[in-house]
Amino acid sequence: MITFKIGGVHPHENKLAKESAITPLAPPAKVAISMAQHLGAPAVPKVAKGDKVLAGQVIGEPAGFISGFVHSSVSGTVAAVEPRADIAGNMVPHVVIDVEGDEWDPSIDRSEAIVRDITATREEILAKIKEAGIVGMGGATFPAHVKLNPPEGKKAEFLLINGAECEPYVTSDDRLMREKPEGIVIGAAIMAKVLGGCKCFICIEENKPEAIAAMQKACAGYPGIEVLTLKKKYPQGGEKQLIDAVTHRQVPSGALPIEAGCVVQNVATSYAVYEAIQKNKPLFERVMTVTGQCLSDRRNFLVRLGTPLSYVLEAAGGVPEDAAKFISGGPMMGKAIANMEATTQKGSSCLLLLTEEQTRREPESNCIRCGKCADACPMGLEPWLLNKLSRAGGQMEALEENKIFDCIECGCCMYTCPAHIPLLDVIRVNKAEVMKLIRSRAKK
Amino acid sequence: MDSTILVTVAILTIVGIVVAVVLYFVAQKFKVEEDERIDLVEACLPGANCGGCGSAGCRDFAQRLVAAPEIGSLFCPVGGNDVMQKVAKVLGQEAVAQKKMVAVVRCNGTCENRPKTNDYDGYASCKVKAALYSGDTGCRFGCLGCGDCVAACKFGAISMNPDTGLPEVDDEKCTGCGACAAACPRTLIELRTSGPKNRRVVVLCRNMEKGAVARKACKAACIGCAKCQKVCPFEAITVENNLAYIDFNVCKLCTKCVSECPTGAIHKINFPEKPAAPAAAPAAAPQAEVKAKEVTV
């Protein structure tokens, strides 16, 4: 069975919610839709207080090349357009809507019927994907239309549909593959058409046999689309790791996957593409896992974007007594939530609750030079060295020489460190600083 | 046996002499002419290598001083006017006297004033914490309390007060080098003139949120009401982005704003405990006061 070559760790998978079917969650009384749900510049709000909106209507327009459209996820009246705190407590422009009924834009096909014929042309599809506000739904939220439109002279040979879901606990992609396999395959076929008919692999880790079976069945009628079973290893879902596993190609340092002739899209993105092209439905809801050992009712919800996290948790039975930490995303790469009134976004795949014991951090001790971090790093970096240089201060050139910007922030080094050194915490901050330095140099 | 030793000694001696001659000529050829005043100037400097002057250390600063046609724009904050006087003497120039600067932490978000909304259990560094999220209190602008400024200070002038959770500056030890100000990711620390008798009036807040939001996060926040601006007879106070700022070059320490501030965000530092003490009191008081840090109203 295939996997990526260097590094990686094997955290306990804890896929607690994998038997819970996707349940649509009724919209709350009020939603607050963030204008910064994608990588790049926040969208510009296009509605004002008092405006009536329908679900699927554009409420934010892109503010640059790397930016995206934002749509209303509910029908109702705009109550405010104001900055609100996101999960990290940073102020981001939001459109707050008072929900009235559940009326969708009439052009959206709400039927369950699967539309198989792809009639739209390449240009139409690209424009539609952009207008539907589709971004990478694996968590990085990179605008999909940019990825699917490689620069002049670059040709995608492989389209990899990422269903690895290597993060422990998260089951949203697993459920989507089990319940909507054909939609995902049609989405993949649409994207393959955009990329000029490349070979397409749907990559799934071995711990999801039901999803593999469902996808294989759905692929039957689609030549050129194939399901690949991957060995279970974190971070297989990382773009560069997946490319390595499937094609044995390395993405050059600092370059995009297209340099290796690959385009990687998440399964949820693929399904969103299917809905946008065949059903005319923009991206305004997604599957989100609510899970954790301390939670008795672990669920996979289909949530409207802009739903407060507290409301989602309430639907899964409220806050358990022993919950100590709330995490948006998985336990490896997810972010701790400082504000439960923050709302769901296009990249919110999971709401994870951990207990005090699970989140306890051991006190840091000295590096014993065991080299475990260097073994675990899937990018072949030396985390101990980056940590040392980062803490010395003012070693930006040395950090750059040691390719700190290649760090994918997967957390394998910190996971494996026997001295409990917060390697990633330190590296992440300095990576951002080195990136800033590189960018300022590029401007000159 | 004997001859082996003699031959060895002879060969080594010849090699030694040849190498010495070569080295002598190479040294002559590649000799670096250095202004001897650099050594003299460096000897005057404190040798803290803190970087407060903007150079990479005292030697670097000495080179800049010697190279500069006019040393008026260069200043060693650690050595102060005395050192600059000495340097000026070596270089035969006039030193320009500058006011002593002191670091001021512009946050009064103590545990009591600014309740915690969540717990931070990550790496104890303000820089890391600030990069991760908005902090463990409701205020996005206030002190993060991990002590990056304490670690940055080479003179032991800043320490964390465990009761308030805020850093405190020891005015006596502070040299005004600015290392702490550069280390603070929230730009809370400002270098201000130490003021007459070491007294200062400062807005201890950096919250630029609207009044109600700021007040909700912290009891001691500046709410931008501009009352201080109206009451100030010297136009030393400006209010921008819901935040008041007192210009230390204009402020005459009348302390009218201190009593006017509804949230107590404006503090008078190193003033005698009892307000409006006549001439007799300050004469005796200053010695004792120097150690008292922030005497709040």
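## Domains of chain B

Six residues of domain 1 of chain B are in contact with seven residues of domain 2 of chain B. Contact here means that the C-beta atoms of two residues, placed from the backbone, lie within 7 Å. On the domain 1 side, four residues are nonpolar, two are polar and none is charged. Ala, Val, Leu, Ile, Met, Phe, Trp, Tyr, Cys and Pro count as nonpolar; Asp, Glu, Lys and Arg count as charged; the others, Gly among them, count as polar.

Domain 1 of chain B covers 36-91, and domain 2 covers 101-289. Such bounds come from an automatic or database domain assignment. The C-alpha centres of these two domains of chain B lie 31 Å apart.

## About the model

This is a predicted model, in which local features need pLDDT of at least 70 and side-chain atom pairs count only at pLDDT 80 or more, while totals for chains, interfaces and linings use all residues. Residues are numbered from 1 along each chain as its sequence is written, and chains are lettered from A and ligands numbered from 1 in the order in which they are written.

## Domains of chain A and the chain contact

Chain A also has an assignment. Domain 1 takes in 1-26 + 109-360, and domain 2 takes in 372-443. Their C-alpha centres are 27 Å apart. Each domain of chain A gives 15 residues to the contact between them. The domain 1 side has eight nonpolar residues, six polar and one charged.

The two chains touch as well. Chain A puts 12 residues into the contact, and chain B puts in 12 residues. The chain B side consists of five nonpolar, four polar and three charged residues.

## Nonpolar cores

In soluble globular proteins, nonpolar side chains tend to be buried together. A nonpolar core is a set of buried Ala, Val, Leu, Ile, Met, Phe, Trp, Tyr and Cys residues joined through C-beta atoms within 7 Å. A residue is buried if 20 or more other C-beta atoms lie within 10 Å of its own, exposed if 12 or fewer, and partly exposed in between, with C-beta atoms placed from the backbone.

The largest core holds 136 residues. Leu159(A), Leu160(A), Ala188(A) and Val312(A) have the most contacts inside it. Helix 4 (residues 181-194) of chain A gives the most to this core: nine residues. Helices (H or I, at least four residues) and strands (E, at least two) are DSSP runs, numbered from the N terminus. Another core, of 69 residues, lies apart from the largest one. Leu45(B), Met101(B), Val202(B) and Ile246(B) are among its residues.

## A parallel sheet in chain A

Four strands of chain A form an open sheet in the order 11-10-9-12, with parallel pairing. Two strands pair if DSSP finds at least two bridges between them. Strand 11 (225-230) and strand 12 (262-266) stand at the edges with a single partner strand each, so one side of each has no neighbour in the sheet. Neighbouring strands are turned by 25° against each other on average, direction ignored. Axes are lines fitted to C-alpha atoms, for helices over the stretch in contact, and angles run from 0 to 180 degrees between N-to-C directions.

Strand 10 (residues 199-205) pairs with strand 11 over six bridges. Ile202(A) stands opposite Val227(A) in strand 11. Helix 5 (residues 209-219) lies across strand 9 (158-163), strand 10 and strand 11, at about 165° to strand 11. Helix 7 (residues 267-278) lies across strand 9 and strand 12, at about 85° to strand 12.

## An antiparallel sheet in chain A

Strands 3-5-6 of chain A, in that order, form an open antiparallel sheet. Strand 3 and strand 5 (residues 58-61) pair over two bridges. Val44(A) stands opposite Glu61(A) in strand 5.

## Backbone details in loops

The peptide bond from Tyr234(A) to Pro235(A) is cis, with omega near -5°. Pro235(A) sits in the loop between strand 11 and helix 6 (239-247) of chain A.

Lys197(B) is not glycine, yet its phi is positive, near 55°. Lys197(B) lies in the loop between strand 4 (189-193) and strand 5 (200-203) of chain B. Lys197(B) counts as partly exposed because it has 15 C-beta neighbours inside 10 Å. Asn270(B) also has a positive phi, near 65°. Asn270(B) counts as buried because it has 20 such neighbours inside 10 Å.
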